[in-house]
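Welcome! Please take a look at the sequence and the structure below, and then we can walk through some of the main features together.

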Amino acid sequence: IKSGFRCTFASMQHSDTIVALATAQGISAIAVIRLSGPDAIDLVQRTFRGKDLREQPSHTIHFGTIVDGDRMIDEVLVAIFKGNRSFTKEPSVEISCHGSPVIAKEIIKVLLKQGARLAEPGEYTKRAFLNGRFDLAQAEAVADLIHAETDNARQAALNQMRGGFSKEIAHLREELIHFASLIELELDFGEEDVEFAKRDDLRHLIERIQSYLRALIQSFDHGNVIKNGVPTVIAGKPNAGKSTLLNALLNEEKAIVSDIPGTTRDVIEDEMILGGINFRFIDTAGLRETQDVIEAMGVERTRERMKKASVILYLIDLSSTTSAQIEEEEGTLKELGIPYLKVGNKIDKADPTLVETLRSHDFTFISAAGKTNIQGLKDRLLDLFKIRTVTTGDVLVTNLRHYQNLLQTNDALTRVLDSMDNGITGDFLAMDIRQALHYLGEITGSITTEDLLDNIFSKFCIGK
Ligand code: GDP
């Protein structure tokens, strides 16, 4: 149980040296090309004019040129990492060249000629994992860190990469393994009535593990919002002002983003970062198409679309709606079971008696066109999620795979407790404990399969 499949991997030595562009494609001041593998330094040396890299100490940087025979390709800085003192725990080299795609391509071509192989997606991080740099949950956090879109997401990923719940899970698993082996031992004694694993101790351990698991499971709601953002829908009758509101909400944010020179995305469409959360306006074009969202709600398609939302901003045109209509629409809205905010738009043209009636109905009054109280609406939206910023010590589950495994572990452990309550024999206990160990082990990667690894690392980009 203890070794799982990991032993085969832990001793795995990669014999080939991989190369890839580590920085983004496109023009930039510098680009970084990374190599990892036993021949990384020798291989670069063969195309490098400058000092003999093989004789330099690890963790040093050297100026020189990369050449292809007699042809000089670029002046570069070469950083070398010897032995296992690198991210991948293999000899590694990072070449900083001028940031033209042509230069990077030419340098990589020369290195391939010298015997390097183009890296597969996520291969650096996969090697780092297989060489024991970190566990699987930490490796996955590397990808999350790279893709973090908000500061909160960055902090959550960083915490996970630096160990997060990994250590605790590994520790609890060790304790459970101890019991599992005692119970397996009992089974070896077959008919004899021996009990090596004290049932009370086992029960206490399981309860302790479950209370920790439950905290992690609960953190997923929060973690998921932080990592993936909040799918948001603006709904309401035609002409309620949905497009105008969307623009009012986005404008400010777009301006901020486009003011930062060199941002990778030219147009940030339909998402806004508010209080560290990414509110993504889903399918808004589609919703605008479906002329009358609320009336069409009987239509399953619209309903399905709305269900993708985690929050609905429901817009009412205060200049042309009666309170009876509003009540009817709210009934339909409630049925969806998704949190919503009621927004009264066109306050500038509103009927004062209607506004008076709606005051007691928890409406936020705005003018989308006049940009009145847009901030008030944003505050209400944030209140719904009561998100605080992530601090360094927070352990948050942000990964769906981890979340599912935690649920499965918890279920298996509940079955162990039930079995004990019902005086069920050791072999059934052992089976459920083994299952719990399996699911727990998959989180940190003490149990892995090639499929699982391929599935995880293929989602990385090349060069990561
Ligand atoms: P949608 O069909 O729900 O997307 O509605 P639009 O955003 O296209 O707006 C419909 C009309 O209402 C447009 O002519 C807007 O200029 C107008 N409108 C939107 N918000 C306001 C507002 O706060 N006050 C007034 N007076 N008109 C508004």
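## A helix across a sheet

Helix H3 (residues 101-113) lies across E1, strand E2 (30-36), strand E4 (60-68), strand E5 (71-81), strand E6 (92-98) and E7. Its direction is at about 75 degrees to E5. Helices (H or I, at least four residues) and strands (E, at least two) are DSSP runs, numbered from the N terminus. Angles run from 0 to 180 degrees between N-to-C directions, and axes are lines fitted to C-alpha atoms, for helices over the stretch in contact; contact between two residues requires C-beta atoms, placed from the backbone, within 7 Å.

A word on the source: this is a predicted model, in which local features need pLDDT of at least 70 and side-chain atom pairs count only at pLDDT 80 or more, while totals for chains, interfaces and linings use all residues. Residues are numbered from 1 along each chain as its sequence is written.

## The sheet of seven strands

In what order do the 7 strands of this open sheet come? The order is E3-E4-E5-E6-E2-E1-E7, and the pairing is mixed. Two strands pair if DSSP finds at least two bridges between them. At the edges are strand E3 (48-49) and strand E7 (117-118), each of which pairs on one side only.

Strand E1 (residues 18-21) is parallel to E7, with 2 bridges between them. Here Ile18 stands opposite Arg117 in E7.

## The sheet of six strands

Another open sheet has 6 strands in the order E9-E10-E8-E11-E12-E13, again with mixed pairing. Strand E9 (271-274) and strand E13 (363-365) are its edge strands, pairing on one side only. From one strand to the next, the twist averages 30 degrees.

Strand E11 (residues 311-317) and strand E12 (residues 340-345) run parallel and are joined by 6 bridges.

## The largest nonpolar core

The largest nonpolar core has 103 residues. Such a core is a set of buried Ala, Val, Leu, Ile, Met, Phe, Trp, Tyr and Cys residues joined through C-beta atoms within 7 Å; buried means that 20 or more other C-beta atoms lie within 10 Å of a residue's own. Helix H8 (residues 199-228) contributes the largest share, 8 residues.

Ile433 is among the residues with the most contacts inside the core. Leaving aside neighbours within four places in sequence, Ile433 touches Leu176, Phe179, Ala180, Ile183 and Val416.

Methods: Buried ≥ 20, exposed ≤ 12 C-beta atoms within 10 Å, placed from the backbone.
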